[in-house]
Amino acid sequence: MKVKNSHYRTIWPDAEDNTIIKIIDQRLLPHRFIIEELRTVDDFCLAIRDMHVRGAGLIGATAGYAMYCAALAAPQGEADSYFKEAAQRLVATRPTAKNLAWAVERQLSQISPEKDREGRIKKSFQVACEIADEDASFCQQIGEHGLKLIAAISKKKGGKPINILTHCNAGWLAFVDYGSATAPIYAAHHTGIKVHVYVDETRPWLQGARLTAWELKEEGVPHTLIADNTGGHLMQHGMVDMVIVGTDRTTYTGDVANKIGTYLKALAAKDNNIPFYVALPSSTFDWEIEDGLRQIPIEERSGDEVNYVTGLTRDKKIETVLVPPEHTRSVNFGFDVTPARLVTALITERGVVAADRDEILRMFPEKKESKNS
Ligand code: MRU
């Protein structure tokens, strides 16, 4: 997607030395645009854990390249144990995003048949690039399917602007390109459908205020930033036509884990008869668990993210300040689970599907064989 009119992905191998993987460090966006170089498994673990990169799709793509860097570094004769240890460390960095374990497992299964170092390096680089390309292409397809939903509402409204509410950042910064929730919005905007986005600021890390607002600005999509508590009021007053969010893990029964606060938006949408869509590539499905509320692990992060806020001072310096009284105890759950009954439909790369076990398995028949249907 565009940054000052240049095209960027969120992760890419250096053009001259592909043992270096480049990322956009998201911690200082939108005020500083910094490209960081990752070389070792430690670099990758830190980048994922401390959210230099974040968002389920991008976490998965980053883990894919991390396993390639593990192949570059694996000591002769100890490669298997080196990979296993790297995989465990990577998976432990952020427990909720399914794409992380999915990418690591995909790499492990492809690397293990390779007998020598060169073969492992070649294969793991190929797989990492495939994961990244597939992520971008799936998001583009999500955009095409979601566009039809937006176009239908636009027709009903006689071409008046469609107001879409989104939570967190499920944009291109959360993937390799396009984004999931934002892909249909970008597609609609580029086809000339009038869209306007209400961006939840998304406390505590402010992914909406910092990242989604920036992305939409760079793409020229009209938007308005709102405090997290505002969505319900807007919905009650007919100011929201649809909600589209992303997800970090969705069960094959349709329960959706996404950034903390998503559940409250789904409740308000249900109460006000507003369609609530969740956009995801198939790499975000968890095909093993049925009950999202009980079984999806919810990441708990440092309370400092609640207590401190970082931003630009009037004299353009980046500063971090404490908001509550010193030593205030805070709790920081990263995600919540929206039960399938509150979800109007899922937008996937294969099409739009009800958040329902049978419908999801019908859309992904290759997964059905492992289930007792
Ligand atoms: O904690 P983050 O910023 O990684 O959480 C991101 C989200 O919750 C996104 O909405 C989610 O990853 C879905 S889009 C990939």
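Which strands form the open sheet of seven, and in what order do they stand? In this predicted model, the seven strands follow the order β8-β7-β6-β9-β12-β17-β18, and their pairing is mixed. The edges of the sheet are taken by β8 (223-226) and β18 (351-353), each of which has a single partner strand, so one side of each is left without a neighbour in the sheet. From one strand to the next, the twist averages 25 degrees.

At one end of this order, strand β17 (residues 345-348) pairs with β18 in the antiparallel sense, the two being joined over three bridges. Within this pair, I347 stands opposite V352 of β18.

Strand β10 (residues 249-251) and strand β11 (residues 256-259) run antiparallel and are joined by two bridges, with R249 standing opposite A257 of β11. The hairpin made by β10 and β11 has four residues between the strands, and in this hairpin G254 takes a positive phi near 100 degrees.

Two packed helices are described by the angle between their axes and the distance between the axes. For helix α2 (residues 56-73) and helix α4 (residues 98-111), the angle is about 30 degrees and the axes are 7 Å apart. Since angles under 35 degrees count as roughly parallel, α2 is therefore roughly parallel to α4. The crossing of α2 and α4 is right-handed. On the side of α2, the contact is made by A56, G57, I59, G60, A63, G64, M67 and Y68, while α4 contributes N99, L100, A103, V104, Q107 and L108. Sorted by class, the contact of α2 with α4 holds nine nonpolar and five polar residues, and no charged residues.

Helix α4 also packs with helix α5 (residues 117-156), at an angle of about 145 degrees and with the axes 9 Å apart. This crossing of α4 and α5 is right-handed. The residues of α4 that make the contact are W102, A103, R106, Q107, Q110 and I111, and those of α5 are R120, K123, S124, V127, A128, E130, I131 and E134. By class, six nonpolar, three polar and five charged residues make up the contact of α4 with α5.

Charged side chains were also examined across the model. Side chains of opposite charge can pair when their charged atoms come close. A search of the whole structure finds 21 salt bridges, one of which is formed by R89 with D42, where the closest N and O atoms are 2.1 Å apart. Because R89 lies in helix α3 (residues 79-93) and D42 in helix α1 (residues 41-49), the pair ties together parts that are 47 residues apart in sequence.

Some features of the backbone remain to be described. Most residues other than glycine have a negative phi, and most peptide bonds are trans. A cis peptide bond, with omega of about 5 degrees, joins L29 and P30, and P30 is found in the loop between β4 (21-25) and β5 (34-38). The peptide bond from R203 to P204 is cis as well, with omega near 5 degrees, and the place of P204 is in the loop between β7 (195-200) and α7 (207-219). In the loop between β6 (162-166) and α6 (182-191) lies C168, which has a positive phi of about 65 degrees although C168 is not a glycine.

Conventions:
Residues are numbered from 1 along each chain as its sequence is written. This is a predicted model: local features need pLDDT of at least 70, side-chain atom pairs count only at pLDDT 80 or more; totals for chains, interfaces and linings use all residues. Side-chain values use heavy atoms; hydrogens and water are left out. Two strands pair if DSSP finds at least two bridges between them. Axes are lines fitted to C-alpha atoms, for helices over the stretch in contact, and angles run from 0 to 180 degrees between N-to-C directions. Angles under 35 degrees count as roughly parallel, over 145 as roughly antiparallel, 65 to 115 as roughly perpendicular and the rest as oblique. A crossing is left-handed if the near helix is turned anticlockwise from the far one by less than a right angle, and right-handed if clockwise. Contact means heavy atoms within 4.5 Å. Ala, Val, Leu, Ile, Met, Phe, Trp, Tyr, Cys and Pro count as nonpolar, Asp, Glu, Lys and Arg as charged, and the others, Gly among them, as polar. A salt bridge is a side-chain nitrogen of Lys or Arg within 4 Å of a carboxyl oxygen of Asp or Glu.
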